[in-house]
Amino acid sequence: MASKQESVYQIFSFQDCKSSPDPIFELPAQCLTPKPVPIVIDNGSFQTRAGWAAPAAEFDSPLLLFRSVAARSRGAARSETQIGNDIPNLEPLRWLLKSQFDRNVAVNFEIQELMFDYVFTHLGISSEGSVAHPIVLTEAPCNPLHCRQMMSELLFECYRVPYVSYGVDSLYSFYHNNTRRKLQPPHTGIILSSGYHCSHILPVINGRFDAVNCKRVNVAGSQAASYLQRLLQLKYPGHLAAITLSRVEELLHEHSYTAVDYHEELEKWRSPEFYEREVHRMQLPFSGKLPGGCVSVEERQERRAQQLRRLQEINARRREEKLLQDQERLDRLMAVQELLEDGLLDQFHKSLVELNMDSAEELQSYINKLQLAVEQGRQKLLHSDGTEGKPEVSELEQPMDEGDGVALMDPDFSEDTLPEKPANVVQPVFNVAEYHQLFVGTERLRCPEILFQPSPTGEDQMGLMETLQYVLARYTPEQQEALVSNVFLTGGNMQYPGMKERVERELLAMRPFQSHFKVTIASRPTLDAWYGARDWALEHPLSGEGGAAEGWISRQEYEEKGGEYLSEHCASNVFIPMKIAKPVPTRPTEPSVPTLTSTGASAAVTTVTSALAPSSSPAATDVSMVTS
């Protein structure tokens, strides 16, 4: 029966993948002639992907894929910063890691410049002072104008690129998959995108991004990883250091899934048979030898003898060093005393001052003490050399030398100073391998569930499908039918098994009776944004005559219209004019003037306060009457 149960267990080991540095590629000749080929950079908050937008087969995939992090130790020069795959292990440097993103918006442009340096260097661009290739760069939906201005300033001023095009990664993925599915433009649909820092609902109407009705949910992969790490550390407090964020991300990517019906799936986990069959046992690294385990008497004696020999060697080495120091000091003092014997009084007194001594008697006292210490040190060295050839039993049986200060450092201390456990102590039967296993059960579905129910993580906001329902309610029924006929899932956090089925089930409960909808998922949720940007660059080549094509921003347009300028295209953000009410400057109010008026026996106190309005509007006066 036990063997039958053992065969059901699923035991997995952590991969603990270490990244290897990216090679520095040579710049291909076909990327320069007849005109420079655009560079496509998917600037993701979790991973950066870069490559060439060339039709050749060797450029049909990104050449560089690395984490969007930089690590620099305190006080180190800027040139010593490690980027992406140059960091072999993220965990020891986790507290030093920096990213250019706040949520999914690039705000730290010092780190962004380092990322661009890394990309251009490894792509083989070695031109001094400029990058002669156009750049296709992804950005966040509804990217703030200030962030785009800083990005354009970095690319045009620092790298002097000729053209730049900005697009939304989710929209690139959307159009790339629609093209592969042979859908005729203009495309209409709604995109559910979930990345590392946040998730988005992006409606597309007749091929144009409807930025007014898009929504963001601040729950995504990083929140799921942090939540899973907290759950496991609370469950296994003895393995806090071993439950690292990298291993937690591996658990999410390789062992988690989305439940189609969350509560029904939790009920299944109540069954012991289901639990034993579905729980994933993650094996942590461990050493086969237990501290304080069952050790024979001979092994203990051998270890104690080795420890004793090491202590003797350390003590003998320290005594030799001390003897040499005492001998050098004694020789120096004897040389000073010889000055007195030779009658060189001036040099003698000068030497006494250097030695911080007052008289010849004090010098003689120090010389006597050092001579005694040197003689004792030589005797101890001779004694220890004479006992080296004796067997270990006699060494253990020799009495302690109480003249030495530290018993453990003395070569003659007795064996009784080391505590010894009784041999008849019964050690408990302990499975070391099982102790170092993490039983990942309901955590496999609880962490992806926060995308639909963010409340367990402390986020006070709607889930992804509830937000989708809110966005759909802003359209007419005809537009809703068109949108739900093409529900598109993309992003690295949409790769959980069962995600598509869960969205279909939620839509079935959300939409009217017998209404139709269709849910598709990106063929490569993490890479399709780069492939879509590459396809767009190939379909919109630059004319090379100085005029920028649709979607491209030239250096001349940047200088004329500013860094906030955006050339719109099918996969880009759109300009939304917003009326911002500016506060009207007010003049300082004059002090109130109280006036007293009396009528007969009764008196009325009238306070008149004048509020001076701007020159464009007539003055308004408030009069309040207080009568008795």
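Q: What makes strand E16 (residues 280-283) and E17 partners in a sheet?
A: Four bridges join E16 to E17, which run antiparallel, and two strands pair if DSSP finds at least two bridges between them, so the pair meets the definition. Gln283 stands opposite Gln437 in E17. This is a predicted model, in which local features need pLDDT of at least 70 and side-chain atom pairs count only at pLDDT 80 or more, while totals for chains, interfaces and linings use all residues. Residues are numbered from 1 along each chain as its sequence is written, and side-chain values use heavy atoms, with hydrogens and water left out.

Q: Why are E1 (10-13) and E17 (437-440) called edge strands?
A: The open sheet has three strands in the order E1-E16-E17, with mixed pairing, and strands E1 and E17 each pair on one side only.

Q: Why is H9 called roughly antiparallel to H10?
A: The axes of helix H9 (residues 297-341) and helix H10 (residues 345-354), which are lines fitted to C-alpha atoms over the stretch in contact, cross at roughly 150° and come within 8 Å. Angles over 145 degrees, on a scale from 0 to 180 between N-to-C directions, count as roughly antiparallel, and therefore H9 is roughly antiparallel to H10.

Q: Which residues make the contact of H9 with H10?
A: With contact meaning heavy atoms within 4.5 Å, Arg332, Val336, Leu339 and Leu340 of H9 meet Leu345, Gln347, Phe348, Ser351 and Glu354 of H10.

Terms used: Helices (H or I, at least four residues) and strands (E, at least two) are DSSP runs, numbered from the N terminus. Angles under 35 degrees count as roughly parallel, over 145 as roughly antiparallel, 65 to 115 as roughly perpendicular and the rest as oblique.
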